[in-house]
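Hello,

Here is the structure I promised to pass on to you. Please open it first, and then read my notes below.

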Amino acid sequence: MWSETYHCMLLGPSESGKSSFAVQYTTDRFPTTRPNPGIGDPPARAIDLQDPERRALVVLDDQWVTEEENGHVYQRIQSTTASPRKGEALILIIMYSMAKRDQFATVEPCFQRIKEAVGTNRFPPVFIVGTCKDVQGDNPVLPAEAEDLAKRLGVNQFQIASTNRDEVASLMQFVVDQAKAVYGFPIKENDQESAAHHSHHHDSHKCTVQ
């Protein structure tokens, strides 16, 4: 039984690497066959925050939380931030393949929809992750472009190869550390003072896994 749960929701287009990323993080193995997101329970792993309590990080590919239209994802973000459950926290990762420029173009609209969904509630930690940095594309996204977008949006960004277990682990350790800073340790109840304090959390710095 977990004392607290961090829900890490992966958002992004099909074939942006969400499911492979989730499998790599939760099993320490890159899938040799294409994962089937939405089948069975979402993957999770225990996280060690160096205290006696048991905490889980549940990785939610957006196909685990939507049945019809993608709008259900944003409805869940809205409801989760408006009425958070005790001992639960939300983390959002916007993903795209660096080998596919059309996917990169979806990042900013996704971020804007998150802002609309959250409204005046406490803003969850949001990260931009470019996957497949080890894959050659015809017109790949340049690292500097990703850095510029993250700076403009005021969020942290990463560029990774999900085949690299260490890169995925380093990214998620950073994500968990940022979540602890936003939600408190242990997770604190949502309140107006906390929401106002963290509404500008994302102007901190960018972090790229090389």
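Helices α4 and α5 are roughly parallel to each other, a label used for angles under 35 degrees. This is a predicted model, in which local features need pLDDT of at least 70 and side-chain atom pairs count only at pLDDT 80 or more, while totals for chains, interfaces and linings use all residues. Residues are numbered from 1 along each chain as its sequence is written, and side-chain values use heavy atoms, without hydrogens and water.

**The α4 and α5 pair**

The angle between α4 (residues 107–118) and α5 (residues 143–153) is about 20°, and their axes lie 11 Å apart. Here an axis is a line fitted to C-alpha atoms over the stretch in contact, and angles run from 0 to 180 degrees between N-to-C directions. Helices are DSSP runs (H or I, at least four residues), and strands are E runs of at least two, numbered from the N terminus. On the α4 side, Val107, Glu108, Phe111 and Gln112 meet Leu149, Arg152 and Leu153 of α5; contact means heavy atoms within 4.5 Å. Four nonpolar, one polar and two charged residues make up this contact of α4 with α5. Ala, Val, Leu, Ile, Met, Phe, Trp, Tyr, Cys and Pro count as nonpolar, Asp, Glu, Lys and Arg as charged, and the others, Gly among them, as polar.

**The α1 and α6 pair**

How do α1 and α6 cross, and at what angle? The axes of α1 (residues 18–27) and α6 (residues 165–183) come within 10 Å and cross at roughly 85°. That makes α1 roughly perpendicular to α6, the term for 65 to 115 degrees. Phe21, Gln24 and Tyr25 of α1 make the contact with Arg165, Val168, Leu171 and Met172 of α6. By class, the contact of α1 with α6 has five nonpolar residues, one polar and one charged.

Best wishes

Technical notes
Angles under 35 degrees count as roughly parallel, over 145 as roughly antiparallel, 65 to 115 as roughly perpendicular and the rest as oblique.
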